[in-house]
Amino acid sequence: MGLAAASLNSVCAATNTVYRSSLIIKRPLRYHSHFSTLASPLLPPSKECSLNLRRSVQDTAQWKISCSLLKVEDGINDEACELVNGMELSLGEGDDTISAYLLKAVKNNNGTGILLLSDIFGFEDSFTRDFAYRVACNGYNVLVPDLFRGNPWAKDRPKTGFEEWIARQDPEAIAKVTSTCTKWMVDEFMAAGISKKLGIIGFCFGGGRVLEVLARDQGVSFGTGVSFYGTRMNNLATSDIEVPVLFILGDNDPLCPVSQVQNIEKRIGKGSKAVIFQGRGHGFAHRPESPEEDMDAEQAFIIMRDWLYDSLLV
C-alpha cells in the first residue's frame with residue numbers, strides 16, 4: 001500500500017467516517033503519519049515553521065535558509081534538509097514575460113517539479129511563500145508564478161470592487177501563464193530525465209485553476225494535482241483530467257461547496273480523493289487563524305505531502 005493510501009486509511013480509522021471516496025475529518029483528531037524512511041523529511045507547518053520570506057525577496061534575488069530553523073518531527077534527521085534556495089525568475093520574452101519564484105531543496109532534492117498556484121493575493125504573499133517553502137523542504141522544486149501580472153487583489157481594497165477586479169482576470173491570460181510555466185518546468189526537470197511527472201498545487205482561485213491546467217494537460221506532464229478549497233471551478237473541464245486529484249476543503253466554506261467538490265471528485269475518478277475538515281471555512285490550510293486551525297493545517301499538509309510522495313515519487 002502506498003504512503004498516501006496508508007495515511008488516508010489511518011485517518012479513516014481514526015474518524016470512523018467515510019463518505020464514498022471522500023474523507024470527513026472530525027475534530028479533535030491527533031494524526032500520526034506512517035512515513036517511510038526513504039521519504040523526504042517531515043516538516044509540519046507549525047507556527048515555529050512559519051517564516052516571512054517576502055523580506056528576503058525584496059532584499060536579494062537569491063538566499064539560503066537553514067532548515068534547522070524549522071520544527072522537524074521526532075526521529076527525522078534535519079541535516080537531510082539543510083538548505084532551500086530561492087530565486088526570482090522571468091519566464092518568456094517581451095510582453096509575454098512572466099515573473100515567478102522558484103524554491104529548490106538542496107541536499108534532499110528529489111528532482112521533481114511542483115507548480116504552485118496562489119490565491120487572489122498573489123505569488124509574493126508571505127503565506128503562499130511560506131507554504132511553498134515547506135513543500136520545497138520536502139525535496140521538491142516549487143515554482144510560484146505571478147498569475148495576475150503584478151495586479152493581485154490587495155487586502156486593503158474595498159470589497160465592493162472585488163467582482164470588477166476578478167472579472168478583469170482573463171482566463172486566457174492566466175492559461176498562458178500556466179502553460180509557459182509548465183513548458184519551462186518540463187524543459188527544466190522532465191526533459192533532463194530527472195522527473196517523470198510534475199505536480200500541481202493550488203489554493204482558492206489557484207485551486208480552481210488546478211483543474212483547468214490538468215484538463216489541458218491530459219496526463220502528459222502532470223502526475224497529480226492538489227486543490228485546496230478551489231473557487232470558480234469549471235465542472236466541464238473535469239472530463240479531460242487523466243490523473244488523480246486530491247481535494248482538501250472545509251465543510252463550512254460557502255466559496256467551495258462540499259457537494260460540488262464531491263461531484264467533481266466522482267467525475268474525475270482515477271483514485272481522486274476529497275478530504276473534508278469538519279467546521280473549517282475558507283483558507284484554513286495555508287492561512288490558519290487560530291490554534292485549532294493550526295492543527296488542521298498541519299494535518300492537511302501531511303495528507304498532501306504523503307499524496308505527492310505516492311503519486312510522484314513511488
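Which residues in α5 meet which residues in α6? I noted that Ile-174, Ala-175, Thr-178 and Ser-179 in α5 meet Phe-205, Arg-209, Val-213 and Arg-216 in α6, contact being heavy atoms within 4.5 Å. By class, this contact has four nonpolar, two polar and two charged residues.

The model is predicted, and local features need pLDDT of at least 70, side-chain atom pairs pLDDT 80 or more, while totals for chains, interfaces and linings use all residues. Residues are numbered from 1 along each chain, and side-chain values use heavy atoms, without hydrogens and water.

I next looked up the axes of α5 (residues 171-190) and α6 (residues 205-217), which come within 11 Å and cross at roughly 65°. That makes α5 roughly perpendicular to α6 (65 to 115 degrees, on a scale from 0 to 180). Helices here are DSSP runs (H or I) of at least four residues.

Note on methods. Helix = DSSP H or I, 4+ residues; strand = E, 2+ residues; numbered from the N terminus. Parallel < 35°, antiparallel > 145°, perpendicular 65-115°, else oblique. Nonpolar A, V, L, I, M, F, W, Y, C, P; charged D, E, K, R; others polar.
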